[in-house]
Amino acid sequence: MSTTIRRTVPAIIVAGAMMMLATGCVAGENAAASEETVASGGAQEWSTDTLSIDFATYNPLSLIIKDQGLLEEALGDSVTVEWVQSAGSNKANEFLRAGSIDVGSTAGSAALLARANGSPIQVIDIYSQPEWSAIVVPADSDITSVADLAGKSVAATAGTDPYFFLLQALETEGLTVDDIEVQNLQHADGRSALEAGSVDAWAGLDPIMAAAEVESGAQLIYRNVNFNSYGFLNATEEFISEHADVAQVVVDAYEEARAWALENPEETAALLAEVAGIDVEVANTVIQERSNLDVSGVPGDDQLAVLEIIAPVLVASDAVQGGEDAINAALDTIINATFAEKATKG
């Protein structure tokens, strides 16, 4: 592909420094206020009385935080935590853009797309480095390779990692989205369509994909971990700037949940099985083989490197309204590592 994505390093450095300075000042003020409040024997005062945050089966750490009440415990009675379930990255992005949630979990590719199309979000923590997508066909399908998808119907959820995984997979065989018929279906509906014979293939997402393998014999005909982007925990810029104290609590909770998940993989799988309504053996496969929760929560160069590979695919697909310039601007401004750096110190 001839499209070249160039990042402006000075812009990153300047913008990053300004964000860290501004957020650091706010965090410092909040910390000082917190110490003063505790010293006087009073309750913690927060910058907001409500936190709206999502949970998703593709984000196991969110399930732990919700189940264990980590946010409620840290914030106390003065902040109401509102939990909203995201069925996919596209839904999380819709909620963030509409202001329905303050913090939401997506794939990195979906976050980049949203940012490039004007959604004021930044990634504040990395929750996983998963292999959560693949090309899936029914057990008795004649399709055995990506090349066989030409002229076929494929279910995929637009604006999510599986969709961008599909585009990259097609490119490996010299195909484009115009060579197939895409059925834009939410992830669970994609599985249903595959099993009903309404589509020939599906760009799947775990844990739904893993359940389809076990329960209906679905086959993964194409896997490539490098075509999966990281799990991004995103927040709106308004939330970051106006409620930095609560944003820090959220990221702290994510790091606490990560440590617990790594020490308790079987319990994490059991929780996923319960919430997703899948067999615990399927959940174990997702958690122990495909999720990779043992990754730094600090967003940075590793994530940008993956996004720079995906970026030309987004531009070529006409998914970005402003084209390459909008993608470059998004790459320069999507990272806000301040909270994760503080949460992971020591």
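**View 1. Helix α13 (residues 301-316) packs with helix α14 (residues 323-333) at an angle of about 165 degrees, and their axes lie 10 Å apart.** The model shown here and in the other views is predicted. Angles over 145 degrees count as roughly antiparallel, and α13 and α14 are therefore roughly antiparallel to each other. The crossing in which α13 passes α14 is right-handed.

**View 2. The contact between α13 and α14.** On the α13 side, Leu304, Leu307, Glu308, Ala311, Leu314 and Val315 take part, and they meet Gly323, Glu324, Ile327 and Leu331 of α14. Sorted by class, this contact of α13 with α14 holds seven nonpolar, one polar and two charged residues.

**View 3. The largest cavity has a volume of about 80 Å³.** A search of the whole structure gives two cavities of 30 Å³ or more. Residues lining the largest cavity are Thr57, Tyr58, Pro60, Ser128, Pro130, Glu131, Trp132, Asp206, Pro207, Val286, Arg290 and Ser291. Six nonpolar, three polar and three charged residues make up the lining of the largest cavity.

**View 4. The second largest cavity holds about 50 Å³ of space.** Its lining consists of Tyr58, Gly88, Ser89, Ala107, Trp132, Thr160, Asp161, Pro162, His187 and Leu205. By class, the lining of the second largest cavity comprises five nonpolar residues, four polar and one charged.

How values were computed: Residues numbered from 1 in each chain as written. Predicted model: local features only at pLDDT ≥ 70, side-chain atom pairs only at ≥ 80, totals over all residues. Heavy atoms only, no water. 1 Å grid on protein atoms, 1.4 Å probe; cavity = no way out; pocket = protein on both sides within 12 Å on 5 of 7 lines; lining within 4 Å. Points joined across faces, edges and corners; volume = space filled by probe spheres on them. Nonpolar A, V, L, I, M, F, W, Y, C, P; charged D, E, K, R; others polar. Axes fitted to C-alpha atoms, helices over the stretch in contact; angles between N-to-C directions. Helix = DSSP H or I, 4+ residues; strand = E, 2+ residues; numbered from the N terminus. Parallel < 35°, antiparallel > 145°, perpendicular 65-115°, else oblique. Left-handed = near helix turned anticlockwise from the far one by under 90°. Contact = heavy atoms within 4.5 Å.
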